[in-house]
Amino acid sequence: MAAPSRSVRSSSTRACEGALAIGPRRGEAPEGPGRAETEATEAHRAIEAIWRIESARLIAGLARIVGDIGTAEELAQDALVAALEQWPTLGVPERPGAWLMGTAKHRAIDLVRRRKTLERKHEEIGRDVERAQEGMDLDTAIDEDVGDDLLGLIFAACHPVLSKDARVALTLRVLGGLTTEEIARGFLVPVPSIAQRIVRAKRTLAEAHVRFEVPGGPERVARLASVLEVIYLIFNEGYAATAGEDWVRPALCEEALRLGRILAELAPTEPEVHGLVALMEIQASRLHARVGPSGEPVLLLDQDRARWDRLLIGRGLAALERAERLGGAMGPYALQAAIAACHARAATAAETDWPRIVALYDAVAQLAPSPVVELNRAVAVGMAFGPAAGLDLVDALVPEPSLKAYHLLPAVRGDLLRKLGRSEEARTEFERAASLTENVRERELLQRRAAECAAERMAG
Amino acid sequence: MRVLVLAKEGERSDAATPPTPEAMAEYQKFNEELVKAGVVVGAGRLSPSSQGKRVRFDGKKRTVIDGPFAETKELVAGYWLWQVRSIDEALEWLKRAPYDGGTFEIRQIFEHEGV
């Protein structure tokens with residue numbers, strides 16, 4: 001949102017990245033005292049908000065007509081530029097979404113007609129081009145329920161043909177309506193890198209001829225897993241930032257939650273969608289409690305539970321219930337949500353049902369075995385059956401190559417060693433953990449723990 | 001950000017006349033749209049203020065006042081809790097609501113202290 005102001009005229013239609021950054025930002029004084037400027041500013045703010053509300057549906061509807069995410073987004077942004085030119089003087093129309101859709105739709109239809117003419121010419125020279133939009137009634141196509149289009153767009157943006165980073169960036173861009181600048185800021189990545197990531201992602205999708213449809217059958221399971229992974233990646237980057245000054249970045253969590261809630265409405269019969277939403281709602285309920293007064297991380301068992309957000313806990317437990325009611329074996333997200341729910345239900349840290357958490361981690365480990373899950377399970381075992389039992393499991397993970405640079409392995413090991421009174425070994429582990437994390441706040445916390453261990457050793 | 005949307009329907013909030021089925025259907029359609037957009041995180045409709053109670057604090061003294069209350073313009077008939085990206089987004093959503101009377105107020109809910 002900190003992009004410099006510039007005028008509509010000076011920015012090209014295609015370079016619409018910054019189109020939303022036109023005009024004075026909120027909280028800044030308008031350039032002149034005139035009423036006209038103020039009204040124009042208000043219109044710009046309204047357009048920005050309307051874009052956030054409408055862009056995903058707009059792009060989804062257009063993608064179905066033109067069959068390509070990049071073209072759909074360009075058409076949508078052309079409509080946005082038209083709005084930016086007209087609304088400040090003519091006023092915001094009564095149904096702004098319909099206006100944008102109508103404007104973009106006409107251009108989309110023109111485009112498809114031009115393409116068809118071109119294809120016919122190609123056919124004449126012997127090339128057979130069969131397009132998805134052949135025979136489609138374009139005028140009614142766009143007026144139908146956009147639910148399936150939106151779901152198709154989510155599946156396309158999260159297509160496994162794209163890298164994880166590309167899926168995340170494209171999803172935030174076309175479904176979240178975020179600008180490239182905002183995505184770059186969220187992930188602490190230079191703006192040109194994100195812009196390039198998005199351009200490449202669109203090209204990859206076009207080259208792979210990815211269809212805008214909701215996959216069915218066995219493909220659906222894998223494709224849905226990819227969608228859920230992307231949403232949870234976004235959430236996690238906000239929840240436990242891997243790098244940077246801040247320990248949490250709530251805006252990313254909010255974007256992920258919103259995407260999850262939208263997905264739960266679009267695919268209400270998928271238990272894992274509700275499982276993921278439950279997991280994110282319950283984890284988000286602790287967002288404020290896991291940051292101390294000077295921005296330092298506060299770990300789960302040290303948190304002031306009175307600061308947990310009861311509204312989100314209630315929503316999370318309800319979503320978990322929906323996942324369970326849909327039946328079948330619980331998936332990895334529902335299981336993790338059930339673990340999060342164990343913490344949410346405990347009034348104090350001491351009341352936590354650790355044996356149940358161990359059992360749930362057993363189930364996660366069976367479904368989706370990974371060293372990180374084993375590490376979490378070791379923590380739960382340490383709480384349920386004593387630090388020595390936990391340490392045995394952690395020690396077994398030490399040779400694991402994938403955990404070599406994972407700071408939480410020495411952090412957990414240090415914690416268990418400290419509980420066993422082995423302060424010197426614990427100190428070494430915390431120092432190692434501190435050297436491995438990229439997050440400033442987390443490093444400070446781990447260094448503090450190392451110092452505490454040193455002090456304990458002096459006292460003992 | 002989270003905002004509280006207060007429905008100040010004035011005297012209508014205390015009127016015993018229920019909304020017409022058409023008005024209800026329109027409201028439900030709008031609410032559904034909000035839910036589908038992932039905006040609604042909570043909502044509720046309040047019973048008439050004639051059934052409400054007020055407690056006035058004056059030093060150590062507490063006085064209980066039974067409804068109905070005099071200032072009908074400020075009476076809240078219902079509320080929404082919305083998760084939005086900005087006040088402007090909340091405004092854009094609210095403008096789309098199918099109401100033909102009353103005043104609706106948007107107030108941002110402060111995040112917890114220290115954040």
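Trainee: How many bridges join strand β1 (residues 2-8) of chain B to β6(B)?
Mentor: The two strands run antiparallel. A strand is a DSSP run of E with at least two residues and a helix a run of H or I with at least four, numbered from the N terminus, and two strands pair if DSSP finds at least two bridges between them. Between β1(B) and β6(B), the number of bridges is 7.

Trainee: What kind of model is this?
Mentor: Residues are numbered from 1 along each chain as its sequence is written, while chains are lettered from A and ligands numbered from 1 in the order in which they are written. Local features need pLDDT of at least 70, side-chain atom pairs count only at pLDDT 80 or more, and totals for chains, interfaces and linings use all residues, the model being predicted.

Trainee: Which strands of chain B are the edge strands of the open sheet?
Mentor: The open sheet has 4 strands with antiparallel pairing, in the order β2-β5-β1-β6 (chain B). Its neighbouring strands are turned by 15 degrees against each other on average, direction ignored. Pairing on one side only marks the edge strands, β2 and β6 (103-109) of chain B.

Trainee: Which residue of β6(B) is the bridge partner of B:Val3?
Mentor: Strands β1(B) and β6(B) run antiparallel. Within β6(B), the partner of B:Val3 is B:Gln108.

Trainee: Which residue takes a positive phi in the hairpin of β3(B) and β4(B)?
Mentor: Strand β3 (residues 53-58) of chain B is joined to β4(B) by 6 bridges, and the two run antiparallel. B:Lys53 has B:Asp66 opposite in β4(B). There are 2 residues between the strands, and the one with a positive phi near 60 degrees is B:Gly59.

Trainee: Which element supplies the largest share of the side of chain B that touches chain A?
Mentor: Residues are in contact if their C-beta atoms, placed from the backbone, lie within 7 Å. The contact takes 17 residues from chain B and 18 residues from chain A. In chain B, α1 (21-36), β2 (40-45) and α2 (87-95) each supply at least two residues of that side. The largest share, 4 residues, comes from α2(B).

Trainee: Are α14(A) and α15(A) roughly parallel or roughly antiparallel to each other?
Mentor: Helix α14 (residues 354-367) of chain A and helix α15 (residues 371-385) of chain A pack at about 160 degrees with axes 8 Å apart. Axes are lines fitted to C-alpha atoms, for helices over the stretch in contact, and angles run from 0 to 180 degrees between N-to-C directions. Angles under 35 degrees count as roughly parallel, over 145 as roughly antiparallel, 65 to 115 as roughly perpendicular and the rest as oblique. Helices α14(A) and α15(A) are therefore roughly antiparallel.

Trainee: Is the crossing of α10(A) and α11(A) left-handed or right-handed?
Mentor: Helix α10 (residues 250-266) of chain A and helix α11 (residues 271-284) of chain A pack at about 150 degrees, with axes 9 Å apart. A crossing is left-handed if the near helix is turned anticlockwise from the far one by less than a right angle, and right-handed if clockwise. The crossing of α10(A) and α11(A) is left-handed.

Note on methods:
Two residues are in contact if their C-beta atoms, placed from the backbone, lie within 7 Å.
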